[in-house]
Amino acid sequence: MSRYDAIIAGGGHNGLVTACYLAKAGLKTLVVEKNDWVGGAAVSRSLYPGFTYSNCSYVSSLLRPEIMRELELPKHGLQIIPYEGGAVFTQDGGYLAMYRDHDANRREFARYSQRDAENYDRYSRDVLRHCRFIRPLLLRTPPDPTSFRPRDLSELAYIGKKLFDMPEEDIYAMIRFWTMSISDFLDEYFETPVIKAYLAVSSIIGTALGPMSPGSAYVLLHHYMGDVDGNIGAWGYARGGMGSISKALMASFVAAGGEVRTGSGVAEILISNGRATGVALANGDTFEAPMVISNMDVKRTFLKHVDEKHLPPDFVKSVKRFKIRGSSGKVNIALDGLPTFPALPPDSPCIRGDLHFTDSIERLEHAYDDWKAGRYSRDPFLDMMIPTTTDPTMTPPGKHFMSCFVQYAPPKIEGRDWTDADRDAFGQTVLNQIEQYAPGFKNLVLHAEVRTPRELEAEVGLTEGNIFQGELTFDQLLFNRPVPGYAQYRSPIDGLWMCGSSTHPGGGVMGAPGRNAAAEILRSLKKPAIMGDAYAVL
Amino acid sequence: MKDSKLHFRTPLITTPFHARTSAANKLNAWAPWAGYTTALSYSDETMEYTALRNQAGLYDLSPMVKYAITGPDALRFLNRLTLRDVSKLQPGNVHYTAWCDDAGKLIDDGTLFHLAPGRYRLCCQERHLPWLLDSAIGFDVSIEDESEKVAALSLQGPCSFAILARAGLEAAQGLKPFQLMDFAFDGGMLTISRTGFTADLGYELWTTPQAALSLWDHLMVKGADHGLRPIGTTALNMTRIEAGFMIANMDFVSATTALRPDRLRSPFDMGLEWMIDFNKGHFNGRAALKREKESGSTKWAFVGLDIEGNVEAEHALIYDNRKTEVGHITASLWSPTVKRNIALAMLRRPYHAERSGNLWVEIYALRELEYHKLMVKAQVVPRQFFNPPRRRANPPGLY
C-alpha cells in the first residue's frame, strides 16, 4: 500500500487539471483511471489504422487560457486552431452558411432576410453582454448565499456589484434570458426559420431540453462564452484531436512529479470516522491519502463509490434528484475521401465548419418529442464536422475523419436498456441522414464508431451518458451546482472533494471546475495559491 | 433570395466607380467600408489633402448607407425617428440630424434629404434597417435600403463650383448650403446637393449606377484645369477632423453595437442637444432625453482640443493636473491648413468647461522605433477648426 497527499479518482480533463495544480503545489498526487487511457471525454483513440478520432468531445472553445498558460500545455504539445464557419443544409436543396467575415455573413443572412442580417449584430451584442457578465464567474468558487463567512460575503458582493453596474434594461434582459426558451429568445430578433434553427442548436447540445423548453437560452450562453485567442464565441480544434488536450495535461502532470495508474478504476472511496482515507480499486489495490478528489459526476461518486451510510440522507436525496439525463450520442466515421454535398459550391469554406441538417426550430423540437417518448430521434439533429479539412494530423492525406454529434438519444429505450441492435439502427439513422444530403457518402465509410448514452456511460463513466455531468439548467448552476450547500467542491465527507463538470461552472472541455477545485483545496491546506488571477474582462 | 450563393467569393464588393477608382489607385491602397472595397489613397495622401483645400477632390461616396423613405406618413415617421423637427425641412433641402434608442442613447448621425414632397433619403455611416422598421410600426411608410441603387460622388474644395460650371451644371450656382437640385444627366437623373464632410465649398452628386462612370469621366475631364483629382479616405478624414465632424464608431460607439454600458453616448454628450426638439411630439428617446436635460446628468462632452507642440495625439488619454484621467482623444491631426495640433476628444464633465484649465495629453510619439513619452498642455476649443467664408458664400466663388 502506498501513501499519497491526494488521489484523483478519474482521469478526465478536469481531474488532470486538478492533479496538475496539486502536483505543482508540491503534493504527492496520484490519478487513478479505469480505462487504459486518460482523458475521459477529451480523448482521441485510433479505431481504424492510420486514423485518429475525437471520440467524444470534438471542438474546443471553453478551455480556459489561464489553464493552458499556467500548466504550460503548449509546451507539452497542445495546439488549438480555429475553424471556419459552417452551414445548415435546407430540405429544398439550399443552405444557410455562416462565414467568419462579417460582410459575407451579413450578405448570406440577407439572402433570406435583410432585417435578420442586420439584427444579427444586435443579437450578438446582447449575447456578448450576457457573456461579459458570466465569464468572470467561471474561475471563481460560487459564494454560499446562506453563509456569513467573509469570503462568501465578498464574493456575493462581487456578483451583486456586477449585476447592479448594468443598465436597468440589461438587468431585466438578463433575468429573462436565464429563464426563457431559446425559441422565444430568437423570435425577438429573427424571422427566418433556418437562421433560428442554426442559432438554436447551441442551446440544446448536451441538454435534455428542446428549443421550446424554458431555460434553454442559458445553455446557448454556455456555448458562446468561450473563445479562441480572445475571439469570444469562436470554436476551434485541438490539433491531433481532443485527446491532445488530455495528453498535454498528462505530460504536464508527469513533469510536475505526478503519478498515473490506468486500467483499474475506483471500486470504493475509503472512509473512516467521517473522513476520506483513500481508494480501493477494482483490481484490489488500495491507496491511502488524506484527500480524495472525485472527477466522476456527483451521482456516480456518491451513489456508486461511497457507502451511503456515511452520507446525510438529505444530501443523498439531492444527489439522486440531480438531473443528469442523457440526451445525445456520437457517431465517429473514418472516410475514404471527402464527401460531396451538391448544395455547397465546390470552393465553399463551409465544408471546414460545423454542418447541420436541421433547418427549423420545429424540426428540432420534434426531434426532442421522440426523446420524451423514450426513443432516439427518427430525424435527429447532427452537429457534423470534418476536422481533417483543417487538421492534417488525424488521417492520411486525402482521407477524412468525420465527427457527428447526434441529438436526441435517451438513456433508455422506452424504459429498457439499449441493445447492440438499437445502437446499430441509431447509427444507420445518422448515416442515412447524411446520405440524403451527400449522395454516395455511405460508399466512403471505412469504419464507424457508434456511441449511444449506453456506451458513453460504460466507457467514459458519464451517468446516463450526459456529456455535461449534469444539466446546465438554472436550478443546477452557481451555488446550486451540483447540490445546494455543496457548491464549493466539498462534500459531506471531510477530505472528499469534487472536481468534475458536475460542479461549477459545469461541462464542456473547460477545465474551470478542475482549477477551481484545486484552488479551494490549496486554500484549505493554507498553501499559497499557485494560480494567478483570472484574465480580466476589459 | 436576391443574392447569389456565390457572394462569398467576393466578401468586399466594388462600387459603381470601381473601374475608374481602381485604374487611378496607383498605390493599391484599399480598405473595407460597409462591405465595399474603397480607396484609402490613390497616389499621395498629402497632395490629395492639398487638392481638397486648394483645388478640388473627387471622393467615391457610394458605400454610404442610404435609405429611401416614402409614403403618406414619411414625415411623421421621420419626426418619430430623429431628433430634429422634420416638418421644417422643405423639399429641396437637407439637414444634419441624429437618432437615439429608447434610452436616449445615440444610434447614429446622418443627413436627411427632402428630395421631393414626401420623398426622403436618410444617409448614414452604419446599417439600421431593423431599427427603422421597428420605429415604423403604426406608420404608413415605406423604408428601403437603396445603398446599392445610388452611386454618389463628393466633389469638394474651393474650385468645386467652378468645375460644376465647366461641366455644364452651372445652375448649381443657385444652391445655398444644405440645398439640393435635380439635373438631367446622360439620359438619366442627377441630384446635386451643396453638402459635404470637409467644411469647405463642396457638393455631393447622386446618380444611378448606370450613369456612374460617365459622371466620373465628365467631371475628371472638365475638372482637369482646376487640378481635380481623386481623393482617398485618408485625405478626406483629415478634412473632417478640421471640420470637427463626428463619425459613428470612430468618435462614439453606436448604441446598436455597444457592449460596455459606459460607452453609450447621448446627444448631450456629443454636443448635439441643439437638434432636439422637445415640442414636436413623441420621438425615440424623448422621455430619457428630457430626464437627462432636467437632471443635468450628462457625463461627457465632445470637444475640440488645441494641443501644444506638433506631435499628433492619436487616441491619447487626457489628464487633469497631469494625473487624474478625465478623457480621451478620438481623432487627431497636425492640421496643415490651420497649422495647429488639433484633436477631437471626449471629456468628462466639468473638465470640458469650468475645470478645463489644467488639461494635459499623454502622447507616445514613435520616432525611429522608440516611443518618446510626452505630457503636453491642451486647451478646449470649438470643434470647428476650419470654417472659411467661401464655404458659405452665395453665389459660390470660383476658387
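Me: What makes up the domains of chain B?
Reply: Chain B is divided into domain 1 (10–62 + 150–231) and domain 2 (299–387); domain bounds come from an automatic or database domain assignment. Taken over C-alpha atoms, the centres of domain 1 of chain B and domain 2 of chain B are 32 Å apart. This is a predicted model, in which local features need pLDDT of at least 70, side-chain atom pairs count only at pLDDT 80 or more, and totals for chains, interfaces and linings use all residues. Residues are numbered from 1 along each chain as its sequence is written, while chains are lettered from A and ligands numbered from 1 in the order in which they are written.

Me: Which residues does Asn93(B) contact, leaving aside its neighbours within four places in sequence?
Reply: They are His114(B), Phe178(B) and Gln179(B). Two residues are in contact if their C-beta atoms, placed from the backbone, lie within 7 Å. Asn93(B) is found in strand S5 (residues 93–100) of chain B; strands (E, at least two residues) and helices (H or I, at least four) are DSSP runs, numbered from the N terminus.

Me: What makes strand S18 (residues 359–367) of chain B and S19(B) a pair?
Reply: Two strands pair if DSSP finds at least two bridges between them. S18(B) and S19(B) have 9 bridges, therefore they pair, in the antiparallel sense. In S19(B), Met375(B) is the bridge partner of Glu362(B). The hairpin of S18(B) and S19(B) has 2 residues between the strands, and Glu368(B) takes a positive phi near 45° there.

Me: How many residues does each chain bring to the contact between chain A and chain B?
Reply: Chain A brings 26 residues and chain B brings 19 residues. H4(A) gives the most to the side of chain A that touches chain B, with 10 residues.
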